[in-house]
Amino acid sequence: MEQGANITILGIFFCKPGCWKDQQLCFIPIFAGMKKCYYLANCTTCQAIIEETKIDRHGIAMQDIKTEKITPAQLDAMKKLAGSYEALFSRRAMKYKEMGLKDQTLTEEDYRRLILEEYTFLKRPVTILDGAIFIGNDKKPVAALKKALE
């Protein structure tokens, strides 16, 4: 970042409720201009979307969630943009059925905990561009992402 550059902060999200009271620096700011993609490198669907959108050629930070775990602060920031942890949760993950989760009523706290414990529960890819979030591999968010990258 250039010295003296104007920076617009869209929000600051603390890693847990009350964190700011601890006066710790464990928050993640969401900047206007922030470009980040959370994906799984060995996922063929993620690979196809990356190739289709050419997202890796747009100066977007790429985070392989298997090798670099999602932090609580990152997940909380995604939730602020998405509206809920459930919107970020993948029911297609094999562990969803294996753990019997389809037969349970999950809370927002459950979705958060599960995503942090098991990276495959994050609906992917998740891309943040200038304060907008694009979640998953359905046609609509992928088309919206392609348009945003134009």
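Hi everyone. Let me start with a cut-off: a residue is buried when its relative accessible area is under 20%, exposed when over 50%, and partly exposed in between. Please keep in mind that we are looking at a predicted model.

With that cut-off, take Asp 110. Its relative accessibility is 19%, so Asp 110 counts as buried. Its salt-bridge partner is Arg 113, with N and O 3.4 Å apart. Arg 113 is partly exposed, at 38%. Through shared partners, Asp 110, Arg 113 and Glu 117 form one salt-bridge network.

Now on to another pair. Glu 118 and Lys 95 make a salt bridge too, and their closest N and O atoms are 3.2 Å apart. Glu 118 is in the loop between helix H4 and strand E5, whereas Lys 95 belongs to helix H3, so this pair ties together parts 23 residues apart in sequence. Glu 118 is buried, at 16%, and Lys 95 is partly exposed, at 35%.

How many salt bridges are there in total? The count is 8. One of them joins Lys 54 to Glu 51, at 3.5 Å from N to O. Lys 54 is partly exposed at 32%, and so is Glu 51 at 47%.

Last, a helix pair. H1, residues 44-53, packs with H5, residues 139-149, at about 35 degrees, and the axes are 10 Å apart. The crossing is right-handed. On the H1 side we have Ile 49, Glu 52 and Thr 53, which meet Val 142, Leu 145, Lys 146 and Leu 149 of H5. By class, that contact has 4 nonpolar, 1 polar and 2 charged residues.

Conventions
Residues numbered from 1 in each chain as written. Predicted model: local features only at pLDDT ≥ 70, side-chain atom pairs only at ≥ 80, totals over all residues. Heavy atoms only, no water. Axes fitted to C-alpha atoms, helices over the stretch in contact; angles between N-to-C directions. Helix = DSSP H or I, 4+ residues; strand = E, 2+ residues; numbered from the N terminus. Left-handed = near helix turned anticlockwise from the far one by under 90°. Contact = heavy atoms within 4.5 Å. Nonpolar A, V, L, I, M, F, W, Y, C, P; charged D, E, K, R; others polar. Salt bridge = Lys/Arg side-chain N within 4 Å of Asp/Glu carboxyl O. Buried < 20%, exposed > 50% of the residue type's maximum accessible area, 1.4 Å probe, protein only.
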